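Trainee: I have a new structure open and would like to go through it. Can you take my questions as they come?

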Amino acid sequence: MTEAKAASNQEPRWLDQDQQRTWRSFLLGTTLLLDRLDEDLRREHGLSAVEYEILVRLSEAGGTLRMAQLAAALAHSRSRVTHTVKRMENAGLVAREESPDDGRGVDCRLTDAGLATLRTAAPDHVETVRRSLVDLVDAADLEALGRVMDAVCDQLICAHPEREIRS
């Protein structure tokens, strides 16, 4: 019997008051932070956070990824990524092409315009990250947050290794 099944036969391990407050702060903080990142990218560069992430992933992959790999890496449905990529293709940021590997798959390729957009947006994006997270806490707290999130990622990434972006 797995731990989860064994635990389901027992009383739930409720969070204490401090744990509940921390959990709710985490949920609210991540929601507000992700919303801020998205708002700033839209206002300053006409990109959603997902579009920015697609440009980043393509850039880090040498400019091209199969659509299925891109969807898996972003933890989004293929249809959502296809819709987003189509919008980006219409804006000239990416191009979709038949995969030269087998002719069945479709590759998403970063265009010169997409790379230029990424290069323009990245400094503003990192400044938003700094203002909204990094500069708000001392170095020890930021390191502790990194350790916490590494532990979470280490536990959960094994089911989806294609999503790994830590270096």
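Trainee: What share of the residues in the chain is buried?

Mentor: Buried residues make up 24% of the 167 in the chain. Buried means under 20% relative accessible area, exposed means over 50%, and partly exposed is in between, with a 1.4 Å probe and protein chains only. This is a predicted model, where local features need pLDDT of at least 70 and side-chain atom pairs count only at pLDDT 80 or more, while totals for chains, interfaces and linings use all residues. Residues are numbered from 1 along each chain as its sequence is written, and side-chain values use heavy atoms, with hydrogens and water left out.

Trainee: How many helices and strands are there?

Mentor: The chain has seven helices and three strands, in the sequence pattern α-α-α-β-α-α-β-β-α-α. Both are DSSP runs numbered from the N terminus: helices are H or I with at least four residues, strands E with at least two.

Trainee: What order do the strands take in the sheet?

Mentor: The order is 1-3-2, in an open sheet with antiparallel pairing. Two strands pair if DSSP finds at least two bridges between them. Strand 1 (64–66) and strand 2 (94–98) are at the edges, each with a single partner strand, so one side of each has no neighbour in the sheet. From one strand to the next, the twist averages 25°.

Trainee: How many bridges join strand 1 to strand 3?

Mentor: Three bridges join strand 1 to strand 3, residues 106–110. Strand 2 and strand 3 pair over five bridges. C108 in strand 3 is the bridge partner of L65, and C108 is also the bridge partner of R96.

Trainee: Which strands does helix 4 lie across?

Mentor: Helix 4 lies across strand 1, strand 2 and strand 3, at about 90° to strand 1. Helix 5 (residues 78–90) packs on the sheet too, touching strand 2 and strand 3, and its direction makes about 115° with that of strand 2. Contact means heavy atoms within 4.5 Å. Axes are lines fitted to C-alpha atoms, for helices over the stretch in contact, and angles run from 0 to 180 degrees between N-to-C directions.

Trainee: Where is A75?

Mentor: A75 is in the loop between helix 4 and helix 5. Its phi is near 60°, a positive value in a residue other than glycine. Most residues other than glycine have a negative phi. At 41% relative accessibility, A75 counts as partly exposed.

Trainee: Changing topic, what volume does the largest pocket have?

Mentor: About 2,400 Å³. A pocket is an open set of points on a 1 Å grid over the protein atoms alone, where a 1.4 Å probe fits, with protein on both sides within 12 Å along at least five of seven lines; lining residues have an atom within 4 Å of a point. Of the 49 lining residues, the closest to the centre are T30, L33, L34, M149 and I165.

Trainee: Which helix gives the most to the lining?

Mentor: Helix 2 gives the most, with twelve residues. The lining divides into 29 nonpolar, eleven polar and nine charged residues. Ala, Val, Leu, Ile, Met, Phe, Trp, Tyr, Cys and Pro count as nonpolar, Asp, Glu, Lys and Arg as charged, and the others, Gly among them, as polar.

Definitions and conventions
Points joined across faces, edges and corners; volume = space filled by probe spheres on them.
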